[in-house]
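Subject: Structure for you to look at

Hello,

Here is the structure I promised. Please open it next to these notes.

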Amino acid sequence: GAAAALDWIAAELGKAGLKVSSQPFAMERQYELGSGTLKVGDKKLEVMPQWWMPEKQATFSLTATIAPLPAKPGEPPAKAVDRFVRVDLPFDRGAYLNDEHLGKIYQALGRNPAAVLLTIDHPSGEIFTYNVNQSNRAWQVPVILVAPKDRAVLDAAEKAGSEITVEIAGVYKGALSSRNVVARLDRGKDKWLVVSTPVTSWFTSTCERGPGIAGFLAMARLAAKRFTDVDVMLVATAGHEIGHGGMSQFMKRGAPRPKDTIAWAHFGASLACREQVAKAVLSSTSLAPLVDRTFAGIPATRLTGSQAGVGEMRDVQGAEFPNFFGMAGSHRTFHTPIDNLSLVDPALLVPMASAFADTIDGVLKGGR
């Protein structure tokens with residue numbers, strides 16, 4: 001799916017008149033999930049791991065009961081050798097496990113279970129998963145995501161002492177190859193406008209990724225006639241959800257130098273979705289006055305300077321590009337299996353893309 005999306009984006013960039021190339025790269029590891037099920041009696045649920053799985057248990061089958069928590073508050077939980085333990089986490093609207101979440105998971109792992117059944121209380125009732133970095137260590141035993149809508153099945157099995165069977169089929173792959181798509185209009189101006197968007201993600205993720213890709217391609221189609229006073233570079237990145245691998249590689253070999261970059265525009269997640277959970281307009285301090293004007297009609301939280309390092313904008317900020325702006329957000333089915341086309345709100349696409357284009361115009365006219 002990701003390869004097909006990148007092929008299509010490359011073709012569209014070519015149609016817009018840009019010189020298109022691929023930037024191959026490899027990430028240190030990826031865990032590819034084939035299937036995940038949980039069975040209790042005649043009930044069968046779809047489940048999936050929270051990355052990273054233990055390498056020796058990339059594929060496994062486990063039948064066990066759930067070890068209960070102490071009956072009395074304050075009592076230390078007993079060890080859970082050869083059994084499941086359960087963890088329930090609140091949904092925090094973030095894209096990564098926070099310190100409180102990690103603390104609860106590691107507390108459960110301290111009981112020496114065979115596996116953890118993790119339910120993240122996402123309002124959709126569906127499985128919700130968090131992004132990871134390549135540097136994150138694997139769990140000591142499998143941590144398996146069970147949807148909130150299926151919590152009652154686990155409650156009944158725990159109360160009855162029923163056996164649960166979890167079967168996961170997956171494989172680890174090292175040095176997994178992917179690519180970024182890079183497009184250029186090199187006019188010899190020695191000053192660059194960079195436009196970026198991530199392409200990969202969990203699940204189908206139509207509203208997480210679709211509006212950003214649409215806006216990104218809109219800037220490409222405008223570049224030849226509207227953004228004429230700069231060299232233009234666009235990059236569509238892969239590897240977002242497992243460590244921003246594509247953006248990291250682009251920063252190392254491909255991105256122009258910060259001092260040669262007049263502005264960097266980034267189209268992040270969930271920019272035109274129904275039932276928005278969070279939406280933010282991001283900008284460097286240098287561009288904040290301009291962005292406040294051009295995005296005045298976009299209802300969103302404003303994050304400036306050090307607060308603006310959200311998603312892959314953190315890579316841009318970390319590389320010390322002085323002038324950047326963009327958007328990021330989440331919506332009701334963000335990072336869940338049911339993020340699909342019905343969540344896209346076409347009425348929000350034009351004003352969002354127009355605000356980006358107007359900001360670029362302002363930068364080129366000296367608006368900062």
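First, a term: two strands pair if DSSP finds at least two bridges between them. Helices (H or I, at least four residues) and strands (E, at least two) are DSSP runs, numbered from the N terminus.

Some background. This is a predicted model: local features need pLDDT of at least 70, side-chain atom pairs count only at pLDDT 80 or more, and totals for chains, interfaces and linings use all residues. Residues are numbered from 1 along each chain as its sequence is written, and side-chain values use heavy atoms, without hydrogens and water.

The sheet. Four strands form an open sheet with mixed pairing, in the order β3-β7-β6-β5. β3 (48-49) and β5 (84-90) are at the edges; each has a single partner strand, so one side of each has no neighbour in the sheet. β3 pairs with β7 (residues 143-145) in the antiparallel sense, over two bridges. There, P49 sits opposite I144 of β7.

Now S201. This residue is in the loop between β9 (192-198) and α4 (206-226). Is S201 buried or exposed? S201 counts as buried because its relative accessibility is 15%, and buried means under 20% relative accessible area (1.4 Å probe, protein chains only). Leaving out residues up to four places away in sequence, S201 touches E208, R209 and E241; contact means heavy atoms within 4.5 Å. G34 is 167 residues from S201 in sequence and 16 Å away in space, C-alpha to C-alpha.

Best wishes

Key. Buried < 20%, exposed > 50% of the residue type's maximum accessible area, 1.4 Å probe, protein only.
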